[in-house]
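Please look over the sequence and the model first, and then follow the points below by topic.

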Amino acid sequence: MKILVTGATGFLGYHVVKRFLNEGYLVTAIGRKNKGKLTKLDVEFKRIDITDSLDELEHDYDVIIHSAALSKSSGRYDEFYKVNVNGTKNMIAFAKENKNLKRFIHISTPSIYSGSEERVNVKESDPITKNFLNNYAKTKYLGEKEVIASSLPYIIIRPRAIFGEYDTSIVPSLVNAAKKGFLPMINNGSCLVDVTYVENVVQAIYLAVNCEDKYIGECYNVNNDEALELREVLEMLFEALDIRPKYIKLPYRIMVTTGRIIEWVSEKLSVDCTLNRYTVTVLSKSQTLDISKIKNQLNYKPLFTIKEGLNKYAEWYLKEGK
């Protein structure tokens with residue numbers, strides 16, 4: 001079976017490529033950057049930006065796993081729209097040219113559920129938020145709509161807060177903040193969080209590729225199936241890394257107001273910011289997913305617990321990630 005993986009030079013894409021190669025699939029990896037860590041894998045690689053021409057690609061893929069996205073907590077709307085909407089439209093048009101295509105696996109995000117309020121055990125059928133916290137969430141929602149409106153044999157995966165080896169976002173930001181001397185803690189870190197070890201996300205994708213055709217057209221939440229308090233997750237992480245951070249208690253109202261101001265200034269100056277409404281919400285509001293649908297329909301079960309995943313990440317970080 002021939003598989004095309006977009007966003008293969010990214011965090012999740014790399015792990016997807018590695019898993020399907022190990023399973024014996026013929027994999028073509030594409031990404032807009034140089035081959036990078038993919039040089040460690042014996043994979044066909046093409047440097048391609050999904051917002052540009054895809055003429056270099058053949059039209060004989062059985063499966064397309066579309067994980068390419070612009071994923072960050074802040075930035076200009078047009079930048080996100082170009083990749084997450086127009087890039088997805090481009091991939092849909094290309095996918096339709098593959099006459100033997102059996103699956104189009106679209107990697108989306110549960111951020112489309114999340115406003116500034118608490119939402120616990122959110123199901124795929126629950127309402128999408130009317131107040132997106134950032135341009136990433138809004139454009140990923142619009143990208144999903146394009147996939148759903150297409151005639152492709154799609155399955156949509158919505159993984160929550162992915163972490164693991166080669167992560168360049170969530171965990172590194174926490175580690176860097178801890179190393180600088182302190183971590184902000186809102187409501188004593190008591191909010192419930194879903195985090196998902198990357199190999200568990202890959203397992204969900206693998207199941208989606210190989211499931212029965214009757215599940216084509218479905219959307220699935222994915223997490224580690226173990227919501228924990230934020231402080232508990234941080235303590236496990238820093239224990240594995242042998243870091244002793246100092247926590248600074250900060251009130252929610254001051255943090256969210258500060259986040260709004262920084263967000264507004266950063267948009268005016270066209271610069272990214274790490275403190276904004278999204279990050280304040282993540283640090284203060286319980287937001288968890290119900291994954292009974294993927295468990296019941298695709299027999300999904302996490303391969304690694306959060307603690308096991310954090311230990312695997314820490315082992316990698318202490319050896320290669322610094």
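Val201 counts as buried because its relative accessibility is 0%, where buried means under 20% relative accessible area, exposed over 50% and partly exposed in between, with a 1.4 Å probe and protein chains only. The model is a predicted one, in which local features need pLDDT of at least 70 and side-chain atom pairs count only at pLDDT 80 or more, while totals for chains, interfaces and linings use all residues. Residues are numbered from 1 along each chain as its sequence is written, and side-chain values use heavy atoms, with hydrogens and water left out.

**Val201 and its surroundings**

- Val201 lies in helix 5, residues 198-210; helices (H or I, at least four residues) and strands (E, at least two) are DSSP runs, numbered from the N terminus.
- Apart from neighbours within four places in sequence, Val201 is in contact with Leu12, Pro159, Ile162, Thr196 and Val222, contact meaning heavy atoms within 4.5 Å.
- Between Val201 and Asn134 there are 67 residues of separation in sequence and 23 Å in space, taken from C-alpha to C-alpha.

**The nonpolar cores**

- The largest nonpolar core has 76 residues, and those touching the most other members are Leu12, Val17, Phe20, Ile65, Ile105 and Ile205; such a core is a set of buried Ala, Val, Leu, Ile, Met, Phe, Trp, Tyr and Cys residues joined through side-chain atoms within 4.5 Å.
- Helix 5 gives the most to this core, contributing 9 residues.
- A second, separate core has 20 residues, among them Leu4, Leu57, Ile64 and Ala68.
- Val17, leaving aside neighbours within four places in sequence, is in contact with Val5, Ala8, Val27, Ala29, Leu38, Leu41 and Val43.

- Strand 1 and strand 4 pair in the parallel sense over 4 bridges, pairing being assigned if DSSP finds at least two bridges between two strands, and Thr6 has His66 in strand 4 as its bridge partner.
- Strand 4 and strand 5 also run parallel and are joined by 4 bridges, with Arg103 in strand 5 as the bridge partner of Val63.
- From strand 4 the chain crosses through helix 2 to strand 5 in a right-handed β-α-β crossover, which means that, with the strands pointing away from the viewer, the path from the first strand over the helix to the second runs clockwise.
- In a regular strand the side chains alternate between the two faces of the sheet. In strand 4, Val63 and Ile65 point one way and Ile64 and His66 the other way, and all are buried.
- Helix 2 (residues 77-95) has 19 residues and reaches 26 Å from its first C-alpha to its last, close to the 27 Å expected at 1.5 Å a residue, the expected span being 1.5 Å times one less than the number of residues.
- A kink of about 30 degrees in helix 2 is centred on Gly87, the bend at a residue being the angle between axes fitted to the seven residues ending there and the seven starting there.
- The buried residues of helix 2 include Phe80, Gly87 and Met91, and what covers the buried residues of this helix includes strand 1, strand 4, strand 5 and helix 3.

**Loop residues**

- Most residues other than glycine have a negative phi. Tyr166, in the loop between strand 8 and helix 4, has a positive phi of about 75 degrees although it is not a glycine.
- Tyr166 counts as buried because its relative accessibility is 16%, whereas Asp242 counts as exposed, at 59%.
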